[in-house]
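Here are my notes on the model you asked me to look over. They start with the overall build and then go into the details.

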Amino acid sequence: MKMKQKSLIRKSIIAWAIILSLVISAAGARYVQAASLTALSNTMTNQTISAASDHTIKFTTPTGVAAGQTITVTFPSGFGLSTLVAADFNLLSGVSTLTLAGTCTGTTWGVAVASQVITFTSCTGTIAATTVITVKIGVVAGGTHQITNNSSAASYSITIGGTFGDTGTITIQIVTNSVVAVSATVPQSLTFSISTNSIGFGTLSTSAVTYANAGGTGSSSSVVAHTLAAGTNAVSGYTITVQGATLTSGSNTIAAIGSTAAASAAGTAQFGLNATVSGGIGTVSSPYNGANYAYAATSSTSSAVGSASGSSATSTYSVTYICNIAAQTPAGSYTASLTYIGTANF
């Protein structure tokens, strides 16, 4: 009888030892599955009290996420999450963006907000161990809603958890005002110059075209008489105009070609100019922008020669002048005073 009792006692002890071993093993297994997250960070777009802010939360999961498990991101009380919808979130596994919806289905993860807790739920999707997980919230995720900061300046902790087992916290700081107002003034600028202020045709002829040159002697072949250079930082650019009467000797004049460009015609009284431009964004104004010639200004009215539509580096306008006379053009010393004006359009 005593032998039977001893045998029963030994069997009971062994049974309890096995049960205790299983319990310890299960507990150990659960302990191994859960771990502390590493490399945690949260980048905000505004840390000012009561301001709306995006959040980019990153952490590395030692364990990974299995199918059917959840990841939770819990914000402290006082942070406003009520306007957030599924479109305001991105969830990245490494560099791969996971598909999100209000409810998980297949490889599409679910995302939902309840009070201060954001929950990402996997159906069949998984994330491997040691993967960097990124949670983007707000405009940075392509959404239209953001999280509203707490109204008190202080340090706060965001908690990462969920059934996937790994846990961690991220400390953020809310300040009275995180925005620094910086001001600077860029001064207005306009550069305008004329390469030479004295040009001439020399002696005119009824049988050939004469071009003005800087030497004042005139030329029988086309030559640039002078250049105009203009540049500005004005947002609406600049305008170059010319004003002045045509060539005049006493009461006699050599007719200006006018606002309709025309070809040079020897033996016909004509005074006109055309121009080309290089550099910047300047353009030659009509009617001076072709191969023909025109002169639309008078002693009392100006005519636009060139312009730029926006801020421009220096543009150089090369101006060519022609003069023709008719057989009956009165003799005399003819002169003209042309005033060029460069105006910035700020």
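Predicted model: local features only at pLDDT ≥ 70, side-chain atom pairs only at ≥ 80, totals over all residues.

1. The radius of gyration of the protein is 42 Å, whereas a compact globule of 346 residues would have one near 20 Å. That radius is taken over C-alpha atoms, and the globule rule is 2.2 Å times the number of residues to the power 0.38. Along the principal axes, the C-alpha trace spans about 155 × 40 × 30 Å.

2. Some housekeeping before the details. Residues are numbered from 1 along each chain as its sequence is written, and side-chain values use heavy atoms, with hydrogens and water left out.

3. On secondary structure, the protein has 26 strands and 1 helix. Both are DSSP runs numbered from the N terminus (helices are H or I, at least four residues; strands are E, at least two). Buried residues make up 38% of the 346; buried is under 20% relative accessible area, exposed over 50% and partly exposed in between, with a 1.4 Å probe and protein chains only. Of the contacts with a separation of 6 or more, 71% are between residues 24 or more positions apart, where contact means heavy atoms within 4.5 Å.

4. Which residues touch the most other members of the largest nonpolar core? They are Ile57, Ile71, Phe75, Trp109, Ile118, Phe120 and Ile137, out of 31 residues in that core. The elements giving two or more residues to this core are strands S3 (55-61), S4 (70-74), S5 (89-93), S8, S9, S10, S12 (154-161) and S13 (168-174). A second, separate core has 27 residues, including Phe201, Tyr288, Tyr295 and Tyr321. A core here is a set of buried Ala, Val, Leu, Ile, Met, Phe, Trp, Tyr and Cys residues joined through side-chain atoms within 4.5 Å. In soluble globular proteins, nonpolar side chains tend to be buried together.

5. Leaving aside neighbours within four places in sequence, Phe75 is in contact with His55, Ile57, Leu81, Gln116, Ile118, Ile137, Ile147 and Ile158.

6. Ser93 sits in strand S5 and is buried, with a relative accessible area of 16%. Beyond the neighbours within four places in sequence, the contacts of Ser93 are Leu98, Ile127, Thr131 and Val132.

7. S7 and S8 run parallel and are joined by 2 bridges; two strands pair if DSSP finds at least two bridges between them. Leu100 has Trp109 in S8 as its bridge partner. S8 and S9 run antiparallel with 5 bridges, and Gly110 is partnered by Thr121 in S9. S8 and S9 form a hairpin with 2 residues between them, and Ser115 in the turn has a positive phi of about 60°.

8. How many disulfides does the structure hold? There is 1, and it joins Cys104 to Cys123 with an S to S distance of 2.1 Å; the cut-off is a pair of cysteine sulfur atoms within 2.5 Å. The pair links distant parts of the chain, 19 residues apart: Cys104 is in the loop between S7 (100-101) and S8 (109-114), and Cys123 is in the loop between S9 (117-121) and S10 (131-137). The torsion about the S-S bond is about 65°, so the disulfide is right-handed. Cys123 is partly exposed at 29% relative accessible area, whereas Cys323 is buried at 1%.

9. Further along, 4 strands form an open antiparallel sheet in the order S22-S24-S17-S26. S22 (283-284) and S26 (339-344) are at the edges with a single partner strand each, so one side of each has no neighbour in the sheet. S17 (residues 238-243) and S24 (residues 302-308) pair over 6 bridges in the antiparallel sense.

10. Last, Thr239, which lies in strand S17. Is Thr239 buried or partly exposed? Thr239 is partly exposed, with a relative accessible area of 25%. Thr239 stands opposite Ser307 in S24. Thr239 and Val305 are 66 residues apart in sequence but 7.8 Å apart in space, C-alpha to C-alpha. Leaving aside neighbours within four places in sequence, the contacts of Thr239 include Ala304, Gly306, Ile341 and Gly342. The side chain of Thr239 also makes a polar contact with the side chain of Asn345 at 3.4 Å. A polar contact is a pair of N or O atoms within 3.5 Å; within protein, one must be able to donate a hydrogen and the other to accept it, and residues adjacent in sequence count only if both atoms are side-chain atoms.
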